[in-house]
Amino acid sequence: MAWFKRTEKGIQTATEDKKDVPKGLWYKSPTGKIIDTDELARNFYVSPEDGYHVRIGSKEYFEILFDNNEFKELDKNITSKDPLKFVDTKKYSDRLNDAMEKTKLKDAVRTGVGKSKGKDLVICCMDFAFIGGSMGAVVGEKIARGIDHSIKNNIPFVMISKSGGARMMEAAYSLMQLAKTSAKLAQLADAKIPYISLCTDPTTGGTTASYAMLGDVNISEPGALIGFAGPRVVKDTTGKELPEGFQTAEFVMEHGFLDFITPRKELKDKINLYLDLILNQDIR
């Protein structure tokens, strides 16, 4: 019976024999729900307890949307420069190097070309882990080149936004990307090639003010933060109390800025459904 009753007082295990629980085995959602990380991955990184959509990056979105996770990455070695020699708490060049080393990414967006449900698709996906998904010259250039590839090959274009906005370390160079990407999307529209914009948590600042809201169909994941300025700035500027749920995907859709809210496990089916409807082709 000693298996459930302590026979000797005190801790008997030597320090060197103690086993620590490895980090990353469990995930705790903001509502306090705890889930095994392997189960979380199998559930498209959505907590089955409360439906909370965990932030993921381009690697995970490409796995979800491309058939068998097979795709070709475009312009993968383009990196940012430091033309302004910007310094805040550290040099911008050092910040870039640290971000590349930490994330193993070259910048805050990746472009993949592959098949989704059997048909070609170009996907540009932002990574929040790289300096908050901020939009600099490289982000704008890679999106522009992705759109060019869509136009040249007559392939639908999908943009997955996840960004804190324009990258302040590049100042006006960053702001120029709003006009640049918007102009490229106008060319895509002239070529009558569909563009689906997916806003994920968070989609803010110059990203929202440009390509994120210019889709033929604008969609979002549940509960995503979508807006231009943060709630505190909006409240201080307007001098008014903000309504409950302000800048959530649900609030934004209710006020006409989104067409649909789509759970992550349905993304692949729904994105391809919208493309089939726009192109007036058989539903896959």
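In this predicted model, Phe71 stands opposite Gly114, a residue of strand E4. The strands concerned are E3 and E4 (residues 109-116), which run antiparallel and are joined by four bridges. Both belong to an open sheet of seven strands with mixed pairing, in the order E3-E4-E5-E6-E7-E8-E9. Strand E3 (71-74) and strand E9 (260-261) are the edge strands, each pairing on one side only.

Helix H2 (residues 58-65) packs on this sheet. H2 touches E3, E4, strand E5 (119-126), strand E6 (157-163) and strand E7 (195-203). The direction of H2 makes about 10° with that of E4.

**Helix packing**

In general, two packed helices are described by the angle between their axes and the distance between the axes. Two such pairs are listed here.

| Helix pair | Angle | Axis distance |
|---|---|---|
| H2 (residues 58-65) and H9 (residues 267-278) | about 65° | 8 Å |
| H4 (residues 137-153) and H5 (residues 171-190) | about 5° | 9 Å |

H2 and H9 pack at an angle of about 65°, which makes H2 roughly perpendicular to H9, because angles of 65 to 115 degrees count as such. From H2, the contact uses Tyr61, Ile64 and Leu65, and from H9 it uses Leu267, Lys268 and Ile271. Five of the residues in this contact are nonpolar, none is polar and one is charged.

H4 and H5 pack at an angle of about 5°. The two helices are therefore roughly parallel to each other, since the cut-off for that term is an angle under 35 degrees. On the H4 side, the contact is made by Ala137, Gly140, Glu141, Ile143, Ala144, Ile147, Asp148, Ser150 and Ile151. On the H5 side, Gln177, Lys180, Thr181, Lys184, Leu185, Gln187 and Leu188 take part. The class counts for the contact of H4 with H5 are seven nonpolar, five polar and four charged residues.

**The largest pocket**

The largest pocket holds about 230 Å³ of space. It is lined by 13 residues, of which Ile56, Gly57, Glu60, Asp127 and Ala129 are the closest to its centre. Which helix gives the largest share of the lining? H2 does, with three residues.

How values were computed
Residues are numbered from 1 along each chain as its sequence is written. This is a predicted model: local features need pLDDT of at least 70, side-chain atom pairs count only at pLDDT 80 or more; totals for chains, interfaces and linings use all residues. Side-chain values use heavy atoms; hydrogens and water are left out. Two strands pair if DSSP finds at least two bridges between them. Contact means heavy atoms within 4.5 Å. Axes are lines fitted to C-alpha atoms, for helices over the stretch in contact, and angles run from 0 to 180 degrees between N-to-C directions. On a 1 Å grid over the protein atoms alone, a cavity is a set of points where a 1.4 Å probe fits but cannot get out, and a pocket is an open set with protein on both sides within 12 Å along at least five of seven lines; lining residues have an atom within 4 Å of a point. Grid points are joined across faces, edges and corners, and a volume is the space filled by probe spheres set on the points. Angles under 35 degrees count as roughly parallel, over 145 as roughly antiparallel, 65 to 115 as roughly perpendicular and the rest as oblique. Ala, Val, Leu, Ile, Met, Phe, Trp, Tyr, Cys and Pro count as nonpolar, Asp, Glu, Lys and Arg as charged, and the others, Gly among them, as polar.
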